[in-house]
Amino acid sequence: MNYGLIPDVQIHLLMPVNYTTVPHQKASFGYTETEVGVKYRFLQETDSRP
């Protein structure tokens, strides 16, 4: 999930699910590592700077 919380700031959250399979056994599912991040734009876009 990505969300723009306030102008020039974006937060993200990753909550993955992982699975493992072994021959002749049931698949195993489980929750893995959570990632939380913040992105901040410190340079504004202009006509000469993308």
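Modeller: By the pairing rule, the count comes to 1 aromatic pair. Rings of Phe, Tyr and Trp (its six-membered ring) pair if their centres lie within 6.5 Å; planes under 30 degrees apart count as stacked, over 60 as edge-to-face and the rest as tilted. The rings of Tyr-19 and Phe-29 have centres 5.9 Å apart and planes at 35°, so this pair is tilted. This is a predicted model, in which local features need pLDDT of at least 70 and side-chain atom pairs count only at pLDDT 80 or more, while totals for chains, interfaces and linings use all residues. Residues are numbered from 1 along each chain as its sequence is written, and side-chain values use heavy atoms, with hydrogens and water left out.

Biologist: Which parts does the pair of Tyr-19 and Phe-29 tie together?

Modeller: Tyr-19 lies in strand E3 (residues 17-20) and Phe-29 in strand E4 (residues 28-31), so the pair links parts that are 10 residues apart in sequence. Helices (H or I, at least four residues) and strands (E, at least two) are DSSP runs, numbered from the N terminus.

Biologist: Is Tyr-19 buried or exposed?

Modeller: Buried means under 20% relative accessible area, exposed over 50%, and partly exposed in between (1.4 Å probe, protein chains only). Tyr-19 counts as exposed at 53%, and Phe-29 is exposed at 62%.

Biologist: How is a salt bridge read, and which side chains meet in one here?

Modeller: Side chains of opposite charge can pair when their charged atoms come close. The criterion is a side-chain nitrogen of Lys or Arg within 4 Å of a carboxyl oxygen of Asp or Glu. The structure holds 1 salt bridge, in which the side chains of Asp-8 and Arg-41 meet at 3.3 Å, N to O. Asp-8 lies in the loop between E1 and E2 and Arg-41 in the segment after E5, so the contact ties together parts that are 33 residues apart in sequence. Asp-8 is partly exposed at 28% relative accessibility, and Arg-41 is partly exposed at 41%.

Biologist: Which residues make the nonpolar surface patch?

Modeller: Patches are made of residues with over 30% relative accessible area and no salt bridge: like charges are joined within 9 Å, nonpolar side chains (Val, Leu, Ile, Met, Phe, Trp, Tyr) within 5 Å. Here Tyr-3, Leu-5, Ile-6, Ile-11 and Val-38 make a patch of about 500 Å². Strand E1 (residues 2-6) gives the most, with 3 residues, and the count of buried residues among its 5 residues is 0. Val-38 is placed in strand E5 (residues 35-40) and is exposed at 63%.

Technical notes: Accessible areas come from the Shrake-Rupley method with a 1.4 Å probe; for residues, only the protein chains shown count as cover.
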